[in-house]
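Welcome! Please take a moment to look over the sequence and the 3D structure, and then we will walk through them together.

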Amino acid sequence: MLSYGRCVVSVGQTLLDMAKSQLKTYDIIMSAACEDMGIIGCAAFHLHQSIELALKHCMELSGTQYPPTADVGQLLSAMDFSDIFSKNTLESLFLASGTITEMGAEFRYTRDYCLSSSTVSDVARLTRSVLEEVEHFTNARGS
């Protein structure tokens, strides 16, 4: 561990640990967002990051080299995730992959881009399911 003032950084962090931190960052930002779409957009970016890192964690554990992309659809196509995710979660990921990928890019680079707060909330619920299932997969592998 490295210490910077009052911050402690764990050097042995896994991609799953990083994914959980991204979801926690989303929660912190949303607690202050009210209905400000600019702030909700910033929070949504962290949902994308969480899912991207969770998928790459699974690929890493499975011995699959993940492609150098942030596109959730491309990541889902790079490996069979059916042994990791429930059918419902996997279908939801595929259906939402375009929106999730947009959340990672559009909120950063496109002015006046917005999604409904209900869409962001739906992706947040999906992200929680993804992380729960990845945690279970990780624990089952003993990693």
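Let's begin with one word that we will need soon: two residues are in contact when they have heavy atoms within 4.5 Å. Before we use it, here is some background. This is a predicted model, in which local features need pLDDT of at least 70 and side-chain atom pairs count only at pLDDT 80 or more, while totals for chains, interfaces and linings use all residues. Residues are numbered from 1 along each chain as its sequence is written, and side-chain values use heavy atoms, with hydrogens and water left out.

How confident is the predictor? The term pLDDT is its confidence in each residue, from 0 to 100. The chain has a mean pLDDT of 89, and 90% of its residues reach 70 or more. The names come from DSSP runs numbered from the N terminus: helices are runs of H or I with at least four residues, and strands are runs of E with at least two.

Now find Leu-93, which sits in helix H4 (residues 87–109). Is Leu-93 buried or exposed? Its relative accessible area is 0%, so Leu-93 is buried; buried means under 20%, exposed means over 50%, and partly exposed lies in between (1.4 Å probe, protein chains only). Which residues does Leu-93 touch, leaving aside its neighbours within four places in sequence? Leu-93 is in contact with Ile-51, Leu-55, Leu-76, Phe-85, Ile-100, Leu-126 and Val-130. Ile-51 is 42 residues away from Leu-93 along the chain, and their C-alpha atoms are separated by 9.2 Å.

Next, look at helix H2 (residues 37–61). His-46 lies in this helix and, at 15% relative accessibility, counts as buried. Leaving aside neighbours within four places in sequence, His-46 is in contact with Gln-22, Thr-25, Tyr-26 and Ile-29.

The axes of H2 and H5 come within 10 Å and cross at roughly 25°. Such axes are lines fitted to C-alpha atoms, for helices over the stretch in contact, and the angles run from 0 to 180 degrees between N-to-C directions. H2 and H5 are therefore roughly parallel to each other, because angles under 35 degrees count as roughly parallel, over 145 as roughly antiparallel, 65 to 115 as roughly perpendicular and the rest as oblique.

Finally, let's turn to charge. Side chains of opposite charge can pair when their charged atoms come close. A salt bridge is a side-chain nitrogen of Lys or Arg within 4 Å of a carboxyl oxygen of Asp or Glu, and a search of the whole structure finds four of them. One joins Asp-27 to Arg-128, with the closest N and O atoms 2.5 Å apart. That pair links distant parts of the chain, since Asp-27 is in helix H1 (residues 15–33) and Arg-128 in helix H5 (residues 117–141), 101 residues apart. Asp-27 is partly exposed, at 32% relative accessible area, and Arg-128 is partly exposed too, at 34%.

Another salt bridge connects Glu-52 and Lys-56 (2.8 Å, N to O). These two residues lie in H2, four residues apart, about one turn of the helix. Glu-52 is buried, with a relative accessible area of 10%, and Lys-56 also counts as buried at 10%.

How values were computed. pLDDT is the predictor's confidence in each residue, from 0 to 100.
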